[in-house]
Amino acid sequence: MRAVIVAIGVAFLVSLLCTPIAIKVFARLKAGQPIRSNLGLASNEGKKGTPTMGGVVFILATVIAYVAGHLALTTLPDAQIAQVEPTITALVLLGLMVFSGAVGFIDDFLKVRKRHSGGLNKRGKLLGQILVGAVFGVVALYFPSTMTDASGAETNTETVGSTTLSFIRDIPALDVTKIGAVVIFIFVVMAATNGVNLTDGLDGLATGASVMVLAAYALIAFWQYRHWCADPNYTQDYCYAVRDPLEIALIAGAAAGACVGFLWWNTSPARIFMGDTGALGLGGLIAGMAMSTRTILLLPIIGGLFVIITMSVVIQIISFRTTGKRVFRMSPLQHHFELAGWSEVNIVVRFWIIAGIGVAIALGLFYSEFLANMT
């Protein structure tokens, strides 16, 4: 627990203190977010020139906090099971965040360079997401752990991902093979990255929602660590067959703390935007969290707000192409309510409440499953 708390604190402080520096640097480089002024959105007023690519800060803060958390792990008693050395799990999770963020960074860079809201084309962004999902999906499925206990016996030979679909844990009857699991994970990466990206339209909206989702995964992973099948000190029959749960909790907590620090400067009126750099980075990490905690099918509930907003876009497109009519005044959904007269702050707070409800339901389902099997 100490390592997780250290990671959260370090990530928060690094993000909080470094974001103002990033604001000055990006402003000096004239890396302002291009704003379309012909949409009639009140939230766009006064935002032209606001620095973007702020996601660089909390991605970097998460990586730094991960290192700090591992330094804290070295002080734990030898009797406590913990992953002191960096693991494949960390490589997958941080790799997903960094390289998904890199795809977003290219998009942001092109927007800034062209002084236009159109950056990387859809095909290029899609190929980038597929490549990142495929590479880290393969690593997650094809590299089992080789941890040993004090006697030298192998205690956990799990891979980061699983060949079976999962809800609260793996569902053995739904085995999709390694290739199928990689394909599904690519889809999850694409869904999560685009879901967070579509949500990032109002000051603090995606950041605050991501904090809740990542905090939920930190709690889930730490609970799995406390009831871990690889822990020789855990005597109950009912345990979680996952790989490196403390690593997962540490990274999820670090990312949540980094987002809170960034939110200090990103809340309305935002002094910096996370850009596609941050949105895609967070989406990639969230997808990795779902895979590594074996809660793939629980993700749509934990990230319920992202699903709702994404579906509003899908519904709008299908309706317009089939009937020529729009269901919403504008999509994504947050802009519909803007045009309906809601203030930006009201929309953000109410959407945060929706995000919190989804997280609460998901955590309730997770814990109730544990209680049901313990009785």
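S312 touches F328, S331, P332 and L333, residues up to four places away in sequence not being counted; contact here means heavy atoms within 4.5 Å. S312 lies in helix α10 (residues 304-323), where helices (H or I, at least four residues) and strands (E, at least two) are DSSP runs numbered from the N terminus. At 3% relative accessibility, S312 counts as buried. Buried means under 20% relative accessible area, exposed over 50%, and partly exposed in between, with a 1.4 Å probe and protein chains only.

The model is predicted: local features need pLDDT of at least 70, side-chain atom pairs count only at pLDDT 80 or more, and totals for chains, interfaces and linings use all residues. Residues are numbered from 1 along each chain as its sequence is written, and side-chain values use heavy atoms, with hydrogens and water left out.

**Cysteines**

A disulfide is a pair of cysteine sulfur atoms within 2.5 Å. By this rule the count comes to one disulfide. It is formed by C229 and C239, whose sulfur atoms are 1.9 Å apart. The link of C229 and C239 is right-handed, with 95 degrees about the S-S bond. Both C229 and C239 are in the loop between α6 (205-226) and α7 (245-266), ten residues apart. C18 is in no disulfide, and the nearest cysteine sulfur, that of C259, is 15 Å away. From the side of C259, the closest cysteine sulfur is that of C18, and the distance of 15 Å is too far for a bond.

| Cysteine | Relative accessible area | Class |
|---|---|---|
| C229 | 37% | partly exposed |
| C239 | 18% | buried |
| C18 | 33% | partly exposed |
| C259 | 0% | buried |

**Aromatic rings**

Rings of Phe, Tyr and Trp (its six-membered ring) pair if their centres lie within 6.5 Å; planes under 30 degrees apart count as stacked, over 60 as edge-to-face and the rest as tilted. By this rule the count comes to twelve aromatic pairs. In one of them, the rings of F337 and F351 have centres 6.0 Å apart and planes at 85 degrees, so the pair is edge-to-face. F337 lies in helix α11 (residues 333-339) and F351 in helix α12 (residues 344-374), so the pair ties together parts that are 14 residues apart in sequence. F351 is buried, with a relative accessible area of 3%. One aromatic cluster is formed by W223, Y238, Y240, F366, Y367 and F370.

A charge sits over a ring if NZ of Lys or CZ of Arg is within 6 Å of the ring centre and within 35 degrees of the ring normal. The charged end of R350 sits in this way over the ring of W342, 4.7 Å from its centre.

**Nonpolar core**

In soluble globular proteins, nonpolar side chains tend to be buried together. A nonpolar core is a set of buried Ala, Val, Leu, Ile, Met, Phe, Trp, Tyr and Cys residues joined through side-chain atoms within 4.5 Å. The largest such core has 104 residues, and those with the most contacts inside it are F58, Y217 and I302. Neighbours within four places in sequence aside, I302 is in contact with V213, A216, Y217, I220, A355, G358, V359 and A362.

A216 has its place in helix α6 and counts as buried at 1% relative accessibility. With the same exclusion of sequence neighbours within four places, A216 is in contact with I302, V359 and L363. A216 and A360 are 144 residues apart in sequence and 8.4 Å apart in space, C-alpha to C-alpha.

The expected span of a helix is 1.5 Å times one less than its number of residues. For the 21 residues of helix α4 (residues 122-142) this gives 30 Å, and the end C-alpha atoms are 30 Å apart, which agrees. Among the buried residues of α4 are K125, G128, Q129, V132 and F136. What covers the buried residues of α4 includes α3 (88-114), α5 (177-199) and α8 (275-292).

N197 lies in helix α5 and is buried, with a relative accessible area of 16%. Leaving aside neighbours within four places in sequence, N197 is in contact with K125, D276, A279 and L280.
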